[in-house]
Amino acid sequence: MLFLTPILVAVVCILIVWIFKNADRSIEKRKREPRARAEAPPWVDEDLRDSTDLHQAEEDADEGHQSEEKVDHIPFFHTQYSEKEMVKRSQEFYELLNQRRSVRFISNEQVPMEVIANVIKAAGTAPSGAHTEPWTFVVVKDPDVKHKIREIIEEEEKINYRRRMGDRWVTDLKKLRTNWIKEYLDTAPVLILIFKQVHGFAANGKKKVHYYNEISVSISCGLLLAALQNAGLVTVTTTPLNCGPRLRVLLHRPTNEKLLMLLPVGYPSKEATVPNLKRKPLDQIMVTV
């Protein structure tokens, strides 16, 4: 038995070392897991994430917060059309919007700024969470600023196409004949950059919760597209991947604003073409219960 004692001691020592090594691995793995969860896939732009965190926002907001204003409720006046007129108006509106296309070939012909102001006012009529209206529309006309925007976007888009987006995404875009070259950012007379305000500020300087800011601003963008179509202008919806922070600095926007969308706006160039795409029929997009 005395001869076995050194052997048993050695075995016990080996077991102890093995247990500690595995414990260290488990601890290191647990340390890595939250970081891995927090890191987005390389093609995800953090500015495009819905950052509405109600619990955190409410913690950051003033604990003694009271509603900033009392709003009177007033009678609502509504124009009700005849059934025939409703059908006519809805059909005409559909036909107008069905002509909307994403146009990447935009003329440098100037557009009336009154029209741009009106379409942005239309976009500003969108509903928003608790009527926080969490949107900022930055209109860029200056050729030098437009070119700087193009340089930033093309630099990032080249990386996006080659590394971040992946083969499937790039393949799906081939039919649209699009790549990282964005000439329309120079030629379009107006660029509209839409920022979502992830939070606002109360009169006392405390953070103000902007509920559902991503959804609210997205609805506003939809109204803006419809208003542009109604005014006879064209655009293409772009979400410049991983460009938000640099564009925010370039345009001197505050850190609570995140870039959601960029719209080059103008008239189509004479050489403009669009892919011959078909929209889904009604029975594929509407379900009646």
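The legends below go with a set of close-up views of this predicted model.

This is a predicted model, so local features need pLDDT of at least 70 and side-chain atom pairs count only at pLDDT 80 or more, while totals for chains, interfaces and linings use all residues. Residues are numbered from 1 along each chain as its sequence is written, and side-chain values use heavy atoms, with hydrogens and water left out.

**View 1**
Helices (H or I, at least four residues) and strands (E, at least two) are DSSP runs, numbered from the N terminus. Read from that end, the order is α-α-α-α-β-α-α-α-β-β-β-α-α-β. Of the 289 residues, 32% count as buried; here buried means under 20% relative accessible area, exposed means over 50%, and partly exposed is in between (1.4 Å probe, protein chains only). The chain exposes about 20200 Å², and carbon and sulfur atoms supply 57% of that. Those areas come from the Shrake-Rupley method with a 1.4 Å probe, and for residues only the protein chains shown count as cover. A contact is a pair with heavy atoms within 4.5 Å. Take the contacts between residues at least 6 apart in sequence: 84% of them join residues at least 24 apart.

**View 2. V103, in the loop between α3 (83–98) and α4 (113–123).**
V103 is in a loop, but with a relative accessible area of 7% it still counts as buried. Leaving out residues up to four places away in sequence, V103 touches V234, T235, V236, P268, A272 and V274. For T235, the C-alpha atom is 5.6 Å from that of V103, although the two are 132 residues apart along the chain.

**View 3. The two sides of helix α4.**
I116, V119, I120 and A123 are the buried residues of α4. They sit on the same side of the helix because they cover an arc of only 100° around the axis, the arc being that of the directions from the helix axis to the C-beta atoms. An α-helix has 3.6 residues a turn, so residues three or four places apart point the same way. Over on the other side of α4, E114 and K121 are exposed. What covers the buried residues includes β1 (135–140), β2 (190–197), α8 (213–231) and β5 (257–265).

**View 4. The salt-bridge network of R150, E154 and D186.**
A salt bridge here is a side-chain nitrogen of Lys or Arg within 4 Å of a carboxyl oxygen of Asp or Glu, and a search of the whole structure finds seven. R150 pairs with E154, with the closest N and O atoms 2.7 Å apart. These two are four residues apart in helix α5 (residues 143–164), so about one helical turn separates them. Both R150 and E154 are buried. R150 also bridges to D186, with a closest N and O separation of 2.8 Å. R150 lies in α5 and D186 in helix α7 (residues 184–187), so this pair ties together parts that are 36 residues apart in sequence. R150 has a relative accessible area of 15%, while D186 is partly exposed at 25%.

**View 5. The salt bridge between E156 and R246.**
The closest N and O atoms of E156 and R246 are 3.4 Å apart. With E156 in helix α5 and R246 in helix α9 (residues 244–250), the pair links distant parts of the chain, 90 residues apart. E156 counts as buried at 9% relative accessibility, whereas R246 counts as partly exposed at 32%.
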